[in-house]
Every structure is written in structure tokens, then in C-alpha cells.
Amino acid sequence: MSSTRFLTGITTSGTPHLGNYVGSIRPSVRASLRADVESFYFLADYHALIKIDEPARIQRSTLEIAASWLAAGLDPERVVFYRQSDVPEIPELTWLLTCVIGKGVLNRAHAYKAAVDKNTAAGIDPESDVSAGLFMYPVLMGADILMFNAHKVPVGRDQVQHIEMARDMAHSFNHRYGDHFVPPEAEIEDNVATLPGLDGRKMSKSYDNTIPLFAPRAQLKKLIASIVTDSRAPGEPKDTEGSALFQIYQAFATPEESSTLRQAYADGIAWSDAKQIVFERIDDEIAPLREVYQALLDDPARIESILRAGAAKARHIATPFMGRLRQAVGLRDLRTQSSKAVKSVKSALPVFKQYRENDGQFYFKLLDTDGRLLLQSTGFASPKVAGQTIATLQTQGASTLNELKEQLQWGPDVQTQDIAAALQALLDAKTK
């Protein structure tokens, strides 16, 4: 049976909270049990360096996150579970990918643009406090994914752009050096809950509104009691819509239990009673895991051993693959040149990429060999029509640009002759 490779990483920048558990840890552990899936889970400690400059905090977070995954049921014998920094091939691949991705692509990365926009709005240097690490984050993420040729990467919609960039890197490298990478696909997690925090906003360390996943029972009860609710008194009907308390409960309860609490809201349950119900339901699920978690925290040598064993499994794949990539780009043993002819590689070609956006419409774009955006389509209701439009451009070339101009937008600083040249290169490749 062929398997699909899934890859998931979590940045070691803090203590895991209920939102991490519901949104990532729990569904990933369940997915790892599927017979048709090959799962890779890693602790993204290189990524943590981008935003955390406290060594002890990164070390502690690595311990806590590893213990959380294991306590939640992740079986290191079934999966490849490793620490990112234990696989030196990943930063080496990052450099190879840096050499094939266009700077213009990275300029459009959401995190980088947000930092620049924030500085611009504040009236200071747009690049102030923007590290090269933040700018290069998408390339390191691309290396994480492409090193193991993951087919699927479970992400929220805010991370889809990074997967698109990883695909661009794969295509650019493959066009230059032959087929080595599988272009990954984003596995959109629309069915995974996003938990609200204590104040009703998304549960996030950035908002300081989190509930630690393995908080002691007494602390868990106190935190749930502090969840913001409205001022309606006992006996007054209450709305489940927009209720952070109810949303958190739903993430742990069965449909029947949620229905019962929804009726209790309508009947005017007191907030204190509702919070007690929520606390008991969450603690029922977390309490058995809490004991395992604490035992793991108390035995860091065990976790270190598990991570090193996982790194060995990861490097069993990464080391020979990196050797092939080094050979492909020309980082070779000089003695091989006299006895073997250098294998010719595929000439770099522009590429069309078709995708679906949050609005449900289908789009495509044309990228040149450096990953620069040449052409961007407007939205199509049907993927078939989008594909047919691509086919028209590929077979008829620049002659059809005027006919399709209402459905096309030129990339920044792109001239018509740039697009015409790219389309002609694709046409020439097909007719060879």
C-alpha cells in the first residue's frame, strides 16, 4: 500500500495551551494512527530563534512540547519525531533553496509585510527590527517540508502562503537540476477548532490569554472561572453564539453533551454552574494525560533519548537525499568528472500554478524560472475553466493575451514581452 507523507511542526517558543492541543496535537496524534499515512513531527527550535532570544526558555519549551505530544499519545515508534536542530541537512537545504527562490517572492511573505507595514504606520524605518531570520522564515519552512518530500502539510489558512512558496521552491529547483522534490500541498484544517482564550479573542501567547494544557487541576478551575462572560443573571436565557465558554466546551464535548449545555444556556443556567460543567469536562480528558506529562517532565533524559532516536530516523532519509542534491547542484567529488559524463538536467522553464483561494474561487499564476510573478488570473468559479484558460495560453502563447486581458493581471514591473517570452519558452518545450 502506498502511503502519504504528512509533516507537522510546532515552534518551541512557549508552554503548550488548550488551543495547541485542540488545533494541532490531538488531531495530529489521531492522524498518526492511520495505516496509509507516514507521519513526521518536529520541534521547530530553529524557527523559535527568530522571535525568542532566551536560551533557557527555548530549552524549557522544547521539553514541555515534546512531553505534551508524547503524553497525548504520539507513538515515536510509529512516526518520525525529531528536533529540527538535530538534522543538519535542513539548514544546508535552506541555503540551496535560498539560491533558487526570488527575493520578490519573499518580499510578499505575510509576516515580513506585516512587520514592514507596522513600522511604516509608526513612522519609523520600514525595516527597523526586522531580522534576516524573519525575512528568510519561509525558506527554512520550505526546507523543513522538502527535505522529507512531504505530500501534505496540515496548516491553518494563514499558513497556506508558506506552502505555496515551498511549491515554488520545489518547481524552481526541479527545473534547474532535475526532478528531486515533490511539490507539497496544504491540508487546510477547516474542521479543526480554533479556541477562544480567556478574553474571547483567539487563544494565543501573544494575547496572554491562554489556558496551559497541563495546568494543575486547581489552576485549571481558576482559569476557566475567569473566562469572560456577559452580565446576564441566573434564570436569564443566554446565547451560545459568541460565547467563548461554550466554544471551548464544544471542543471537548460530544455532540450530545453540547446539545445539553446549549439547552441549559437557553434555560438560564448560572455562569458559575456553566463554568463548573466546562471545567469538569475538560479535566476528564486532560487529567489522565497530566500524570504522564509530569512523569516525562521529571525524566528529561528519556525525552532526549526519544528525540535522538527520532533524529537518527530522520537523518536516515535526509543524509542520502542531501548527498543526491549536492551532486545535482555540482557540489561533487572532483574525481568523478574524469570518469563520468555530467548528467544533463532539465532546462529551467516558467511554470503555471493553479490554486483555490479563501473566497472559493479558482486562480492561476505564471511564474518565471526565478519564481517571479509574471501573470495573475482573476477568479474562476470552476477549476475546469481555469485549467482550460491555462491550456489556451500554453498552446496559443502571446497571441491570446489581448483576448484574455479581462481575466489577467500583469505582475509588478512585468512587461508584455516578459510574458510573451515565458509563453514561447513553454510552447517551444512542448514542440521539441
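The chain holds 15 helices and nine strands. Helices (H or I, at least four residues) and strands (E, at least two) are DSSP runs, numbered from the N terminus. The model is predicted: local features need pLDDT of at least 70, side-chain atom pairs count only at pLDDT 80 or more, and totals for chains, interfaces and linings use all residues. Residues are numbered from 1 along each chain as its sequence is written, and side-chain values use heavy atoms, with hydrogens and water left out.

Along its principal axes, the C-alpha trace spans about 75 × 55 × 55 Å. The accessible surface of the chain is about 21500 Å². Carbon and sulfur atoms contribute 51% of that surface. Accessible areas come from the Shrake-Rupley method with a 1.4 Å probe; for residues, only the protein chains shown count as cover. Of the 432 residues, 46% are buried. Buried means under 20% relative accessible area, exposed over 50%, and partly exposed in between (1.4 Å probe, protein chains only).

Contacts (heavy atoms within 4.5 Å) were also counted along the chain. Among contacts with a separation of 6 or more, 72% join residues 24 or more positions apart. The chain carries 48 positive and 52 negative side chains. The centres of these two sets lie 5 Å apart. Lys and Arg count as positive and Asp and Glu as negative, while His and the chain ends are not counted. Each charge is placed at NZ of Lys, CZ of Arg, CG of Asp or CD of Glu.

Strand β1 covers residues 4–11, and strand β2 covers residues 37–44. The two pair in the parallel sense over eight bridges. Pairing requires that DSSP finds at least two bridges between the strands. T4 has V37 of β2 as its bridge partner.

Seven of the eight residues of β2 are buried, so β2 is largely enclosed by the rest of the structure.

Strand β7 (residues 362–367) is largely enclosed by the rest of the structure, because six of its six residues are buried. Both of its faces are covered. F362, F364 and L366 are buried on one side. Y363, K365 and L367 are buried on the other.

β7 pairs with strand β6 (residues 351–356). The two run antiparallel and are joined by six bridges. F352 has L366 of β7 as its bridge partner. β7 also pairs with strand β8 (residues 373–377), in the antiparallel sense, over three bridges. In this pairing, K365 stands opposite Q376 of β8. The hairpin of β7 and β8 has five residues between the strands. Within the hairpin, G371 adopts a positive phi near 85°.

Positive phi values also occur at N149 and D208, neither of which is a glycine. N149 has a phi near 45°. N149 sits in the loop between α7 (132–146) and β4 (152–155). Its relative accessible area is 16%, so N149 is buried. D208 has a phi of about 55°. The loop that holds D208 lies between β5 (185–188) and α9 (217–225). D208 is exposed, with a relative accessible area of 71%.

Several helix residues were also examined. E285 belongs to helix α12 (residues 271–297). At 19% relative accessible area, E285 is buried. E285 touches Y21, R26 and F252, not counting residues up to four places away in sequence. K118 lies in helix α6 (residues 110–121). K118 is exposed, with 64% relative accessibility. K118 and S128 are ten residues apart in sequence. Their C-alpha atoms are 9.9 Å apart. A121 is also placed in helix α6. A121 is exposed, at 71% relative accessible area. A121 and L297 are 176 residues apart along the chain, and 44 Å separates their C-alpha atoms.
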